[in-house]
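Here's a quick briefing to read alongside the coordinates. Have the viewer open and hop between the topics as you like.

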Amino acid sequence: MKRTLQRTSAALALSAMILSACQSGEQQQTPQQLANSADGGTAACPSQVYWGDTHLHTANSADAVFNGVRLTTEDALRFARGDQVRSTTGLDAQLSRPLDFLVVSDHAEVIGIGRRIAEGDPELISDPTIRRWHEMMNESLEQSTRAARELIVGYAQDTLPERLADPELARETIVSTWQEHLEAVERYNEPGTFTSFIGYEYTSMPTGNNLHRVVMFRDGTDVFGDTLPFPANQSQDPEDLWAYLAAYEERTGGRAMAIPHNANLSNGLMFAMTDFEGGPPTRDYAERRQRWEPIVEVTQFKGDGEAHPTLSPDDEFADFGNTGWDTANLDASAPKEPGMFAGEYAREALKRGLLLESLLGVNPFQFGMIGATDSHTALATGDEDNYFGKFVADEPNANRAASSVGAAIRGRVGWQYLAGGYAGVWAGANSRAALFDAMARREVYATTGPRMTVRLFAGWGLSEADLGADPCSLYDRAVPMGGNLAGTGEAPRFLVTALMDPEGAHLDRIQIVKGWLDADGELQERVYDVAWGDADERSIDAEGNLAPVGNTVNLETATYENSIGDPELRMVWTDPDFDPSERAFYYVRVLEIPTPRWPVYDRLRFGADIDPQTELVAQERAYSSQVWYSPEA
């Protein structure tokens with residue numbers, strides 16, 4: 001349904017070559033040879049962006065199977081690599097383009113137990129509550145969804161049936177399910193073509209506040225061995241998860257990381273200025289957090305966590321994907337208080353990190369940014385015109401946009417789900433080693449679904465001439481996104497390039513977001529418009545504002561025209577307010593022109609009734625990881 005003008009196809013092809021160019025010597029190896037080389041392609045120039053999802057659930061997750069899904073790890077992997085699969089509700093599902101990698105991250109807490117309940121395992125349904133849930137799961141999707149709600153609230157409030165806490169039963173279930181999961185992950189890992197990571201979700205949720213982490217491993221089963229997931233019902237304190245990861249690496253020689261969940265449902269705890277117990281953070285805490293959590297999931301189905309309008313009132317684009325998700329914590333057991341937002345949104349956390357670094361000598365919130373879906377249908381869909389929903393009840397149908405979320409918790413409604421969240425990873429090869437290492441060094445970015453190509457370099461020797469240079473040649477003179485710059489007294493220069501999704505919309509603008517700690521010890525931020533489309537018609541006005549790009553969306557036909565904006569934007573920028581004595585970070589935000597949201601496609605396809613409050617148009621976006629500037633050499 002999209003209409004993309006082809007007037008710039010030749011230019012796009014050329015730009016793609018420039019943006020992803022690599023050294024001629026590296027091109028002599030095929031992608032498969034690079035990925036299967038001794039180092040997994042980690043030594044090659046990060047010449048290509050690879051797309052994937054690090055956060056996806058199947059029937060092995062209790063909340064997913066309670067909500068009706070029956071698709072397996074294997075189904076999820078087949079779908080992500082581009083195969084057509086049959087969804088739980090019987091629809092044919094397929095991506096328009098395959099993904100390059102996937103982490104099937106089922107909840108670690110008694111992984112597989114929901115399937116046993118659904119199948120009526122006698123050992124479980126002897127408990128009257130579990131038997132009732134089993135009957136509800138097999139009665140109807142509506143009843144199954146109600147059982148899921150009881151399960152989630154019971155987990156959040158620690159009121160689950162004792163039978164579910166039986167250690168022998170839990171271990172038996174986890175071991176058998178995990179082994180089956182690992183076999184599928186290994187079977188579908190195809191270096192050079194598609195990467196399947198070992199991973200799971202650690203589901204810490206004290207009193208309903210979301211402190212989940214996706215845990216992923218660089219290793220195959222030859223290194224991973226018989227390692228079992230670390231569940232939050234052993235400890236809800238993420239520091240204990242970090243200790244588990246440290247022990248794993250010491251025991252196996254492998255590598256692991258934790259990725260904090262989109263933080264907007266944590267009621268201020270994800271990026272708190274304290275540790276889990278409420279005490280002041282120490283340097284040791286900061287070092288371990290930075291070590292084990294190099295990247296953060298900033299956008300997904302359950303809202304966008306980059307910025308919030310109450311924290312960034314001067315940012316006209318801060319109010320994206322917040323509606324419905326800024327009212328309460330995950331299970332809506334506690335309302336959101338205004339002071340909580342600062343501990344939930346990535347930009348504010350990055351600012352807090354500067355302050356903590358000045359106090360502790362280490363920045364605990366020095367993280368890069370990625371997007372993910374958090375789909376519980378086993379289908380990693382990130383496109384507005386191919387949205388398969390958060391849960392099975394949200395798979396394409398005429399009622400999903402107007403349906404209540406979780407039995408109408410805090411007024412959340414179906415249309416408030418976002419359709420996307422993908423991670424873009426700059427790496428030298430499509431392999432576990434190369435992709436994991438790129439995430440560890442934060443050379444990654446988030447998008448709300450579109451596959452825009454975004455690069456960022458920063459350094460002191462960059463010039464306009466470098467816009468046409470082989471990006472691989474810049475690594476000797478600059479740092480990429482995720483890197484650090486130490487003070488020289490001069491203002492660094494930032495080279496940014498952004499290319500539209502070839503199946504998507506033109507670009508409205510490139511912005512650079514700066515946060516800094518000023519001389520008075522106050523945290524500041526500013527958003528700069530640095531490049532924009534239709535530049536012959538638009539300019540910055542006297543108040544420093546850039547006129548809107550316009551809107552070509554036709555709500556009746558679910559189409560838009562790429563007659564506004566530009567297919568590609570690029571520039572070299574210097575901060576006009578740079579102060580060499582101030583600690584700062586910079587990241588890039590790229591905005592598309594307005595496009596239709598998924599409810600508009602539902603109305604066209606199903607004749608769905610759309611509530612007047614429904615947001616129908618959005619400006620999709622990408623967030624690069626940061627470059628940090630420190631006055632100290």
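The S-S bond of Cys45 and Cys472 has a torsion of about -95 degrees, so this disulfide is left-handed. A disulfide here is a pair of cysteine sulfur atoms within 2.5 Å, and the structure holds one. Keep in mind that this is a predicted model: local features need pLDDT of at least 70, side-chain atom pairs count only at pLDDT 80 or more, and totals for chains, interfaces and linings use all residues. Numbering runs from 1 along each chain as its sequence is written, and side-chain values use heavy atoms, with hydrogens and water left out.

**The disulfide**
- The sulfur atoms of Cys45 and Cys472 sit 1.9 Å apart.
- Cys45 is in the loop between helix H3 (31-35) and strand S1 (48-56), and Cys472 is in the loop between strand S14 (453-459) and strand S15 (479-480), so the pair ties together parts that are 427 residues apart in sequence.
- Helices (H or I, at least four residues) and strands (E, at least two) are DSSP runs, numbered from the N terminus.
- Cys45 counts as buried at 8% relative accessibility, and Cys472 is buried too, at 6%. Buried means under 20% relative accessible area, exposed over 50%, and partly exposed in between (1.4 Å probe, protein chains only).

- Pro46 lies in the loop between H3 and S1 and counts as buried, at 9% relative accessibility.
- Leaving aside residues up to four places away in sequence, Pro46 touches Trp426, Ala427, Gly428, Arg441, Glu443, Arg455 and Tyr475. Contact means heavy atoms within 4.5 Å.
- Arg538 is 492 residues from Pro46 along the chain, and their C-alpha atoms are separated by 35 Å.

**Helix H15**
- H15 (residues 432-440) is mostly covered, with eight of its nine residues buried.
- Among the buried ones are Arg432, Asp437 and Met439.

**Helices H12 and H13**
- The axes of H12 (residues 238-252) and H13 (residues 283-292) come within 11 Å and cross at roughly 65 degrees. Axes are lines fitted to C-alpha atoms, for helices over the stretch in contact, and angles run from 0 to 180 degrees between N-to-C directions.
- The crossing of H12 and H13 is left-handed, which is the label used if the near helix is turned anticlockwise from the far one by less than a right angle (right-handed if clockwise).
- H12 brings Glu239, Trp242, Leu245, Ala246 and Glu249 to the contact, while H13 brings Tyr285, Arg288, Arg289, Arg291 and Trp292.
- Those residues divide into five nonpolar, no polar and five charged. Ala, Val, Leu, Ile, Met, Phe, Trp, Tyr, Cys and Pro count as nonpolar, Asp, Glu, Lys and Arg as charged, and the others, Gly among them, as polar.

**Aromatic pairs**
- A search of the whole structure turns up 25 aromatic pairs. Rings of Phe, Tyr and Trp (its six-membered ring) pair if their centres lie within 6.5 Å; planes under 30 degrees apart count as stacked, over 60 as edge-to-face and the rest as tilted.
- Phe271 and Phe365 make an edge-to-face pair, 5.6 Å centre to centre with 80 degrees between the planes, and both are buried.
- Tyr528 and Trp573 make a tilted pair, 4.9 Å centre to centre with 55 degrees between the planes.
- Ring pairs also link Trp178, Tyr200, Phe217, Phe224 and Tyr248 into a cluster.
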